[in-house]
Amino acid sequence: MIRLTAVAFAALTLAACQQQTAELDAPSAPAAATPAVATTGAAPAAGQAAPAFTLVDAEGTQRSLADFRGKTVVLEWTNEGCPYVKKHYTGAMQALQREAVADGVVWLTIISSAPGTQGHVDGDAARQWKTRTNGAATHLLLDPTGEVGKRYGAKTTPDMRVINAEGQLVYVGGIDDRPTNKPEDLEGANNFVRAALDDLEAGRAVRTPFAAPYGCAVKYPETVGT
C-alpha cells in the first residue's frame, strides 16, 4: 500500500512538472496596443545645454542649431503616419506653431524616421506634407540616420524640446497631459510647450520642465523590418 501511494505521488509530481513546462513554453497573449512612453536614459534633461546639430531641411539647405543662437527654439519630432501626430495636426499643432513663430520663436520640426519605415520622407514629400497639413514650422528638418533624434533622446512622436536664447533646454517631453490619439481630447488639455513659451516670455522659470512623452516610437534604422 505504501509502495502504491509512493508511485501515485511520483506520477502526480511528473504530471505537474509537465504542465508547468507547457505553460512556460506556451506563447504569451499579445499586449493591448498602448502609446510608446519614453524611458529614463542618458539624454540631456531640462537645465542642460542643448546638443549641437546640423541637418538638411526639406528645401535642401543645411540648418544648424547654432544659426538660431539668441532665439527661443522649439524642436518637434514628427511622423506623418502616426495617429498621435495626426491628432495634433487636426489644427492644434499648426496653431501653436503660428503663435510661436509670430512671437519670434524658431520652430524646427524633425523627421527621424529611417528609410523603409513609417514616416520617412524625402525633401519633396516633406514639402508636400507641410503644404497638405498647412504646417507653420520655421524649418522641416530631415534626420534619416536618427543621429540627432538619439542625441536628444527622442523616443516618441510627437516629442518636444524647448531651448532658451542661451542654448539651454528648458522643457523636455510630451506636448500635453492627454496621452491619447483622440482629437476630442485636445480640448482642455494642458499644453506644456505653450506653457513653457509663456513662462519664457514672462521672464520666469519654466514651471513644468518635464512631462513623459507619448505617441508612436520613433522609427530609427534598427527598427527596419521589425
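Predicted model: local features only at pLDDT ≥ 70, side-chain atom pairs only at ≥ 80, totals over all residues.

Visitor: How many aromatic pairs does a search of the whole structure find?

Guide: The search finds 5 aromatic pairs. One of them is formed by F53 and Y152.

Visitor: What makes F53 and Y152 an edge-to-face pair?

Guide: Their ring centres are 6.0 Å apart, and rings pair if the centres lie within 6.5 Å. The planes stand at 80 degrees, and an angle over 60 counts as edge-to-face.

Visitor: Why is the pair of Y171 and F192 called stacked?

Guide: The centres of the two rings are 6.2 Å apart and the planes are at 25 degrees. The limits are 6.5 Å for the centres and under 30 degrees for stacking, so the pair of Y171 and F192 is stacked. This pair links distant parts of the chain, with Y171 in strand 9 (residues 169-173) and F192 in helix 6 (residues 192-201), 21 residues apart.

Visitor: How do you know whether Y171 and F192 are buried or exposed?

Guide: Buried means under 20% relative accessible area. Y171 has 0% relative accessibility, so Y171 is buried. F192 has a relative accessible area of 11%, so F192 is buried as well.

Visitor: Over which ring does the charged end of K150 sit, and what makes that label apply?

Guide: The charged end of K150 sits over the ring of Y220, 5.3 Å from the ring centre. The distance limit for this label is 6 Å, and the charge must also be within 35 degrees of the ring normal.

Visitor: How do you know that C82 and C216 form a disulfide?

Guide: Their sulfur atoms are 2.2 Å apart, and the limit is 2.5 Å, so the pair qualifies as a disulfide. A search of the whole structure finds 1 disulfide.

Visitor: Why is the disulfide called right-handed?

Guide: The torsion about the S-S bond of C82 and C216 is about 90 degrees, so the disulfide is right-handed. C82 sits in the loop between strand 4 (73-77) and helix 2 (83-88), and C216 sits in strand 11 (residues 214-217), 134 residues away. Both cysteines are buried.

Visitor: What makes up the lining of the second largest pocket?

Guide: The lining includes T72, L96, E99, D103, R194 and E201. The lining residues divide into 5 nonpolar, 2 polar and 5 charged.

Visitor: Why do V73 and T117 count as buried?

Guide: The cut-off is again under 20%. V73 has 1% relative accessibility, so V73 is buried; V73 lies in strand 4. T117 has a relative accessible area of 13%, so T117 is buried too. T117 is found in the loop between strand 5 (106-111) and helix 4 (123-133).

Note on methods. Residues numbered from 1 in each chain as written. Heavy atoms only, no water. Helix = DSSP H or I, 4+ residues; strand = E, 2+ residues; numbered from the N terminus. Buried < 20%, exposed > 50% of the residue type's maximum accessible area, 1.4 Å probe, protein only. 1 Å grid on protein atoms, 1.4 Å probe; cavity = no way out; pocket = protein on both sides within 12 Å on 5 of 7 lines; lining within 4 Å. Nonpolar A, V, L, I, M, F, W, Y, C, P; charged D, E, K, R; others polar.
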